[in-house]
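Let's work through this model with some quick questions. Keep the sequence and the structure in view as you read.

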Amino acid sequence: MKARSLGDLASPLLFGVAVLLLWEAVVRLAGVPAVILPAPSAIALKLATSVPTLTADFIQTIRGVLAGYVIGNAAGLVVAILIDRSPFLQRGLLPLGNLVSALPIIGVAPIMVMWFGFDWQSKAAVVVIMTFFPMLVNAAVGLRSAGAMERDLMKTYAADYRQTLGKLRLPAAAPFVFNALKINTTLAMIGAIVAEFFGTPTVGMGFRISTEVGHLAIDMVWATIVVAAVTGSLFYAIVAGVERRATFWHASYRAR
Amino acid sequence: MNRIVPLLTVLSALFAIWYVAAALMNASLQQDLFANSDNKTYTTSDLIAASLNMERPKLPAPHQIASELYKLIIATDPTSKRSLVYHAGITLEETVIGFLVGGALGVGLAIMIVSVPVLERSLMPWIVASQTVPIIALAPMIVVILNQFDIGGITPKAAIAAYLSFFPITVGMVKGFRSPETLHLDLMRTYSATRSQVLTKLRAPASLPFFFASMKIGVAAALVGAVVAEVTKSEDGGLGARLLAGSYYGQTVQIWAALFTAAALSGALVGLIDLVGRVTLKRLAFPA
């Protein structure tokens with residue numbers, strides 16, 4: 001991901017603007033009713049006029065997202081480091097982790113809502129479960145990624161386990177850990193929003209979407225989706241930015 | 001053996017933890033039940049045994065889920081609306097239709113992107129960006145929009161499944177079509193191969209490992225899409241509807257049974273694609 005030139009940015013931007021214009025034109029000229037597809041201008045207007053509601057929804061949802069994201073990733077990383085010393089546990093846990101990553105974990109949402117109540121804690125719990133396994137599997141692979149040469153070098157330095165872990169293997173695992181962190185940004189947003197379909201105090205992005213759909217206030221739904229999309233992209237961009245700074249040495253950032 | 005013993009150990013440890021957790025989590029509920037029923041003379045083992053067999057536990061014990069699964073899958077007529085086979089069938093149908101449509105669209109778009117440079121530059125950033133957006137938030141709306149056009153039944157849910165499986169497949173296939181080495185592409189050039197020849201004779205075969213990898217991700221995503229769509233449109237059944245109904249009425253055992261069925265379905269679909277992929281790639285002499 002080298003710095004993009006103006007030309008590289010121009011064509012996707014033009015394409016985006018063209019799609020928005022086409023959308024607006026189709027809605028206006030064909031007279032598509034607002035309950036099916038509101039025009040982008042109508043969505044923008046709704047967005048501008050309902051800032052307080054949208055802010056409250058955003059705060060409610062992001063609380064669950066962030067709490068769950070931090071706990072889930074930290075737990076995944078710690079467990080990966082703990083089982084790293086035991087090949088036995090690795091052989092037992094990692095296939096399981098891979099399997100669980102392919103399962104519709106989102107289905108635990110109603111259970112978590114029952115256990116932890118309607119507020120953000122239950123959303124955080126769903127996010128913890130969804131983010132734990134990708135982090136576990138990626139970090140475990142990453143911890144094994146340091147080369148034999150480097151390990152031998154640490155051995156000749158008489159480095160103990162902690163030194164090898166802190167100075168060689170954790171840095172070597174960093175690209176894998178960041179990969180999981182990036183995957184997990186999207187999973188965390190999805191987990192929190194879907195968990196809100198199963199019950200919330202009357203605030204939150206998932207709640208807003210499901211109730212406004214019921215009222216056929218589609219412009220409000222789109223406004224919430226815009227907020228969710230921007231939040232998700234920003235979340236991802238922040239993690240990717242931290243990754244760039246933390247693992248600047250990695251081959252994928254070399255200028256070509 | 002080398003892999004099975006650790007796996008079984010971990011699994012049995014999980015079961016043990018589950019039983020302990022179930023007893024601990026349900027004990028206070030069961031104590032209240034005992035207190036209400038004037039049974040003040042229960043022993044600890046009575047309490048544990050009762051906690052593991054409650055009707056609406058906080059956390060059902062594995063044997064309760066197993067017996068619920070047995071009751072709803074084997075002992076119930078598969079055409080009855082109480083049967084999980086019936087609901088799993090609905091979910092499976094939506095998932096497979098959605099996955100096939102999403103897969104075809106995803107591969108088609110990937111072909112367009114690698115063959116038309118303008119499309120790549122204008123479309124690809126959006127497709128990558130869309131990966132960071134919680135697109136599932138759109139699910140309830142798609143159901144409503146399609147309802148406006150009198151499109152009901154299975155279609156809206158299959159559409160959401162298609163929609164969710166489509167993006168990872170496009171991204172994976174673009175990567176796959178790009179995977180041939182420069183050397184091979186240059187060789188095709190020296191043969192003066194046309195674009196479509198390069199695609200069919202080099203890019204498509206080279207993308208096969210990526211194809212199977214993205215199909216696995218795609219089918220898992222399609223199932224998630226179908227289940228979430230059923231939550232938002234629960235009147236005509238499916239595993240997502242069972243989840244929602246269970247959460248309305250506090251039927252925890254029912255939720256867990258639906259969850260396990262969905263997990264088994266997803267595992268079976270991913271496993272099937274994995275198997276086909278392994279056999280195909282081995283036959284075509286791809287390095288493992």
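## Questions on a predicted model

Q: Is A:S122 buried or exposed?
A: This model is predicted, so the answer rests on computed positions. A:S122 has 26 other C-beta atoms within 10 Å. A residue with 20 or more counts as buried. A:S122 is therefore buried.

Q: In which helix is the place of A:S122?
A: Look along chain A for residues 120-143. They form the helix that holds A:S122. That helix is α6 of chain A.

Q: Which residues does A:S122 touch, not counting residues up to four places away in sequence?
A: Close sequence neighbours, up to four places away, are left out here. The C-alpha atom of A:A192, 70 residues apart along the chain, is separated from that of A:S122 by 8.7 Å. The residues touched by A:S122 are A:M112, A:V113, A:W115, A:F116, A:G117 and A:A195.

Q: What share of the contacts in chain A with a separation of 6 or more comes from residues 24 or more positions apart?
A: Start with the elements: chain A has 10 helices and 0 strands. Its C-alpha trace spans about 75 × 50 × 30 Å along the principal axes. Among contacts with a separation of 6 or more, residues 24 or more positions apart account for 78%.

Q: Is A:A158 buried or exposed?
A: A:A158 lies in the loop between α7 (148-156) and α8 of chain A. Its phi is positive, about 60°, although A:A158 is not a glycine. A:A158 has 7 C-beta neighbours inside 10 Å, and 12 or fewer makes a residue exposed. So A:A158 is exposed.

Q: Where is A:L216, another residue with phi near 60°?
A: A:L216 is a residue other than glycine, yet its phi is positive. With 15 other C-beta atoms within 10 Å, A:L216 is partly exposed. Its place is in the loop between α9 and α10 of chain A.

Q: Which element gives the largest share of the side of chain A that touches chain B?
A: The contact takes 44 residues from chain A and 42 residues from chain B. By class, the chain A side has 34 nonpolar, 9 polar and 1 charged residues. The largest share of that side is 8 residues, and it comes from α10(A).

Q: Which element gives the largest share of the largest nonpolar core?
A: This core has 125 residues. A:V126, A:A139 and B:L223 touch the most other members. The largest share, 16 residues, comes from α6(A).

Q: How far apart are the end C-alpha atoms of helix α3 of chain B?
A: This helix covers residues 62-74, which makes 13 residues. At 1.5 Å a residue, they should span 18 Å. The model agrees: the ends are 17 Å apart.

Q: Which exposed residues lie on the face of α3(B) turned away from its buried side?
A: In α3(B), B:Q64, B:E68 and B:L72 are buried. They cover an arc of only 55° around the axis, so they are on the same side of α3(B). What covers these buried residues includes α4 (84-115) and α12 (252-283) of chain B. The face turned away carries B:Y70 and B:I74.

Q: What distance separates the centres of domain 1 and domain 2 of chain B?
A: The domain assignment of chain B gives domain 1 as 4-59 and domain 2 as 84-283. The centres are taken over C-alpha atoms. They are separated by 40 Å.

How values were computed. Residues are numbered from 1 along each chain as its sequence is written. Chains are lettered from A and ligands numbered from 1 in the order in which they are written. This is a predicted model: local features need pLDDT of at least 70, side-chain atom pairs count only at pLDDT 80 or more; totals for chains, interfaces and linings use all residues. Domain bounds come from an automatic or database domain assignment. Two residues are in contact if their C-beta atoms, placed from the backbone, lie within 7 Å. Helices (H or I, at least four residues) and strands (E, at least two) are DSSP runs, numbered from the N terminus. Ala, Val, Leu, Ile, Met, Phe, Trp, Tyr, Cys and Pro count as nonpolar, Asp, Glu, Lys and Arg as charged, and the others, Gly among them, as polar. The expected span of a helix is 1.5 Å times one less than its number of residues. The arc is that of the directions from the helix axis to the C-beta atoms. A nonpolar core is a set of buried Ala, Val, Leu, Ile, Met, Phe, Trp, Tyr and Cys residues joined through C-beta atoms within 7 Å.
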